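Here are my notes on the model, point by point. Please read them with the structure open.

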Amino acid sequence: DDEDGGGGFGGGGEAEEPAEAEATGSCLETREFVMECLCSVFRWVGDDGRHWDVSKAQGSPDGDWMVLKLQNLVNSGYKICTGNLPTLQPKGIHLLNILVEKFGDQPDPDYEGHQLMEQYQAQLLSALRSAFEKSALPTMTTVGLELAASLIEKNILSSDIGTLKRVVALMCKCLDYFDPQHEVHYSDSVVDRLKIGAIESLSKLICHCGGGGGGKDPSGGGNEDLLGSLSPQNRAVVSRGCVDLSSDYLARAFIGEDGPRFSYQSKFIKSSRMRKSRNFLRDATGLGWLRLIEAFLLSSDGESLKDSEAFVCTAAEFALTQAQRGGNGEPGGASHVVRASLGILSELFRTCKRLGGVIAPTNCSRVLRTLDSLLRDRGQLLGDEDTRKSFLDCAATVVSGFPSDYLLVAEIREKTCRLACRCVAEFCDLGRGLSAEGGPLAT
């Protein structure tokens, strides 16, 4: 980026000559390489806190810290995504999304109560709008959906509910691809990526506003108001899409490396090439799609929940099995997956109770068996206190969530008693009790 505020490598400078503005093949390759380097540098710098914290960076003037280059990085991403090179524009949006992910939680040292990235709202919103223009390439719109979800999750726009609603409206435009009557000009794989981007970004919105994402609600009801901006039709599309997409992820994860040799009845992905790709396998085995199930539970109605409760139990069982084997790529390792799975089971029973329904006895028995299995081998997956607390909260939610007459069923009664005995043996100091001062947990 030019220090004097010139056009930079992204194009868009006021004094560019036509011959210079035209990107030759070698020039385009150079710019693509530069953008790949910029997006990769965040992995190279490691976990040194001085790269991400302004106060720490300013206290170490001898270093070259990323947070002190934030202005130049935002300018570069903005110029690229609003420049005149369509093949480079998605990389500019991707860079801005990385910046929001990395610096979105950092407070602004000059303005108490505000976040560091808030000062770049104008550039971020302008870049976001460019991603949803009619002339934008599908790859541009896909990364634009990721940026929109990140802006909402990081509360960068939390002070303006009107702007947030406009961002949600942009995201909902991509739901048109779920309409069978919608005219499509792209291949199945391109449309699949757009649909996946729409469902995953809107699922993050639902989890954020529903409390699952830990979202702040400084305006007093703003999250509920924002979630209300989704029309009933759009919520139904997202809810169904979450189940269908997570079902495809689960099926692909079950098949594993044998995917190219086996096929399955896909509910969401139309492109067979995409279903068999290594990227799809990586996403499936990474188990990040568990959040889709959480979003489904937060947005479902009684009928759809009844139809999908067995699938929800299967998905949680599979995730916990993978955590026991150590076969997942989620940040935080096995403990993260265990907490996410326990959260899904808890939300299943809470949602069913909220909607006035009852979990089927068969699925209730499955959940009890799953919880009991976590306490075998001395509860090795429940090593840290947060995970142990999540387990106890889940167990309490499950046992209080099914009707008392279920205990008349011998299988459920036996599994409930066994789970209770294992909890006592694992968590209680029999001389002082569970909540005794200094005990393993106070709950």
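1. Start with L320. L320 counts as buried, because its relative accessibility is 3% and buried means under 20% relative accessible area, with exposed over 50% and partly exposed in between (1.4 Å probe, protein chains only). L320 sits in helix α15. Helices here are DSSP runs (H or I, at least four residues), strands are E runs of at least two, and numbering goes from the N terminus. Leaving aside neighbours within four places in sequence, L320 is in contact with V338, S341, T370, L374 and L381. Contact means heavy atoms within 4.5 Å. L320 and V338 are 18 residues apart along the chain, and their C-alpha atoms are separated by 6.0 Å.

2. A word on the basis. This is a predicted model, where local features need pLDDT of at least 70 and side-chain atom pairs count only at pLDDT 80 or more, while totals for chains, interfaces and linings use all residues. Residues are numbered from 1 along each chain as its sequence is written, and side-chain values use heavy atoms, with hydrogens and water left out.

3. The overall fold. The chain has 19 helices and 0 strands. Of its 443 residues, 47% count as buried. Take the contacts with a separation of 6 or more: residues 24 or more positions apart account for 67% of them.

4. Back to α15, residues 302–325. Its 24 residues should span 34 Å at 1.5 Å a residue, and the end C-alpha atoms are 34 Å apart, which agrees. The expected span is 1.5 Å times one less than the number of residues. Where is the kink in α15 centred? On S308, with an angle of about 50 degrees. The bend at a residue is the angle between axes fitted to the seven residues ending there and the seven starting there. Just after α15, G326 takes a positive phi of about 75 degrees.

5. N363 lies in α17 (residues 361–374). N363 has a relative accessible area of 8%, so it is buried. Its contacts, not counting residues up to four places away in sequence, are E309, A310 and C313. S247 lies in α11 (residues 232–255). At 15% relative accessibility, S247 is also buried. S247 touches K267 and F311, again without residues up to four places away in sequence.

6. Helix α7, residues 138–153. The 16 residues should span 22 Å at 1.5 Å a residue; the end C-alpha atoms are 23 Å apart, which agrees. Is α7 mostly covered or mostly exposed? Mostly covered: 13 of the 16 residues are buried.

7. Check the backbone at N155. N155 follows α7 and belongs to the loop between α7 and α8 (161–172). Its phi is near 60 degrees, a positive value in a residue other than glycine. N155 counts as buried, because its relative accessibility is 9%.

8. Phi of L287 is near 70 degrees, positive in a residue other than glycine. L287 lies in the loop between α13 (278–286) and α14 (290–299). At 2% relative accessibility, L287 counts as buried.

9. A395 is in helix α18 (residues 385–401). A395 is buried, because its relative accessible area is 7%. Setting aside residues up to four places away in sequence, A395 touches L371 and L419.

10. Last, the second largest pocket. Its space is about 410 Å³. On a 1 Å grid over the protein atoms alone, a pocket is an open set of points where a 1.4 Å probe fits, with protein on both sides within 12 Å along at least five of seven lines; lining residues have an atom within 4 Å of a point. Grid points are joined across faces, edges and corners, and a volume is the space filled by probe spheres set on the points. There are 18 lining residues, and F132, E133, K134, T141 and Y177 lie nearest the centre. The lining divides into 10 nonpolar, 3 polar and 5 charged residues. Ala, Val, Leu, Ile, Met, Phe, Trp, Tyr, Cys and Pro count as nonpolar, Asp, Glu, Lys and Arg as charged, and the others, Gly among them, as polar.
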